[in-house]
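Biologist: I have a structure open and want to learn how to read it. Can you take me through the features one at a time?

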Amino acid sequence: MPRAAALAAISNYFDAFHRGDTTAMEALVTEDFEHHVNEGKIRRGVEKFREFNAHMTRCYRETLTDVVVMANDAGTRAAAEFVVNGAYLATDEGLPEAKGQTYVLPAGTFFTLRDGRISRVTTYYNLADWIRQVS
């Protein structure tokens with residue numbers, strides 16, 4: 001049943017994301033959680049993840065469509081592919097000025113799980129494509 005547990009944990013993570021419930025997302029991660037963001041530094045720990053979520057909530061409004069989640073049999077690794085449908089709400093430092101622009105962007109996330117909790121999230125998307133869409 002480990003694969004099923006991993007799929008359930010990742011589904012809960014995305015369900016919380018869709019509800020805008022970052023507290024529920026943060027409850028699903030380990031204390032030594034690592035967040036590998038696209039084109040950025042690794043954020044370590046729940047507090048850094050909480051800060052990231054607050055920043056994202058301020059700057060962006062996103063929903064995910066066409067979400068497909070996969071996991072290995074051991075339940076220790078998972079991946080998701082999806083399409084980000086977003087609006088750029090507030091200017092993010094070093095990026096183009098926000099004017100409510102919308103964007104549609106394919107993306108993927110890789111997960112490591114331990115004891116039924118998420119210990120690593122790594123997300124990838126094409127930043128140049130996003131910049132083109134909001135510029």
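Modeller: Start with a helix on the sheet. Helix 3 lies across strand 1, strand 2, strand 3 and strand 4, and runs at about 50° to strand 1. Helix 4 packs on the sheet too, touching strand 3, strand 4, strand 5 and strand 6. Its direction makes about 150° with that of strand 5. Helices (H or I, at least four residues) and strands (E, at least two) are DSSP runs, numbered from the N terminus. Contact means heavy atoms within 4.5 Å. Axes are lines fitted to C-alpha atoms, for helices over the stretch in contact, and angles run from 0 to 180 degrees between N-to-C directions.

Biologist: What kind of model is this, and how are residues numbered?

Modeller: This is a predicted model: local features need pLDDT of at least 70, side-chain atom pairs count only at pLDDT 80 or more, and totals for chains, interfaces and linings use all residues. Residues are numbered from 1 along each chain as its sequence is written, and side-chain values use heavy atoms, with hydrogens and water left out.

Biologist: In what order do the strands of the sheet come?

Modeller: First the rule: two strands pair if DSSP finds at least two bridges between them. Here 6 strands form an open sheet in the order 2-1-6-5-4-3, with mixed pairing. Strand 2 and strand 3 stand at the edges with a single partner strand each, so one side of each has no neighbour in the sheet. From one strand to the next, the twist averages 20°.

Biologist: How many bridges join strand 4 to strand 5?

Modeller: There are 11, and the two strands run antiparallel. To find one on screen, pick Val-84; its bridge partner in strand 5 is Leu-105.

Biologist: Which residues touch the most other members of the largest nonpolar core?

Modeller: A nonpolar core is a set of buried Ala, Val, Leu, Ile, Met, Phe, Trp, Tyr and Cys residues joined through side-chain atoms within 4.5 Å. Buried means under 20% relative accessible area, exposed over 50%, and partly exposed in between (1.4 Å probe, protein chains only). The largest core here has 31 residues, and Tyr-13, Phe-14, Phe-111, Leu-113 and Ile-118 touch the most other members. Elements giving two or more residues to this core include helix 1 (2-19), strand 5 (102-114) and strand 6 (117-125). Helix 1 gives the most, with 6 residues. Now look at Phe-14. Leaving out residues up to four places away in sequence, Phe-14 touches Leu-64, Val-67, Val-69, Ala-80, Phe-82 and Phe-111.

Biologist: How many salt bridges are there?

Modeller: A salt bridge is a side-chain nitrogen of Lys or Arg within 4 Å of a carboxyl oxygen of Asp or Glu. By this rule the count comes to 7. One of them joins Glu-26 and Arg-50, at 3.2 Å from N to O. That pair links distant parts of the chain: Glu-26 is in helix 2 (residues 22-27) and Arg-50 in helix 3, 24 residues apart. Glu-26 is buried, at 7% relative accessible area, while Arg-50 is partly exposed, at 37%.

Biologist: Which residues are linked with Arg-50 in a network of salt bridges?

Modeller: Glu-26 and Glu-47. The closest N and O atoms of Arg-50 and Glu-47 are 2.7 Å apart. Both residues lie in helix 3, 3 residues apart, about one turn of the helix.

Biologist: Is Arg-120 buried or exposed?

Modeller: Arg-120 is buried, because its relative accessible area is 18%. It sits in strand 6. Next, its polar contacts. A polar contact is a pair of N or O atoms within 3.5 Å; within protein, one must be able to donate a hydrogen and the other to accept it, and residues adjacent in sequence count only if both atoms are side-chain atoms. The side chain of Arg-120 makes one with that of Thr-112 at 2.8 Å, and one with that of Thr-122 at 2.6 Å.

Biologist: What does the side chain of Gln-101 reach?

Modeller: The backbone oxygen of Val-134, at 2.7 Å. Gln-101 is in the loop between strand 4 and strand 5, and counts as buried at 14% relative accessibility.
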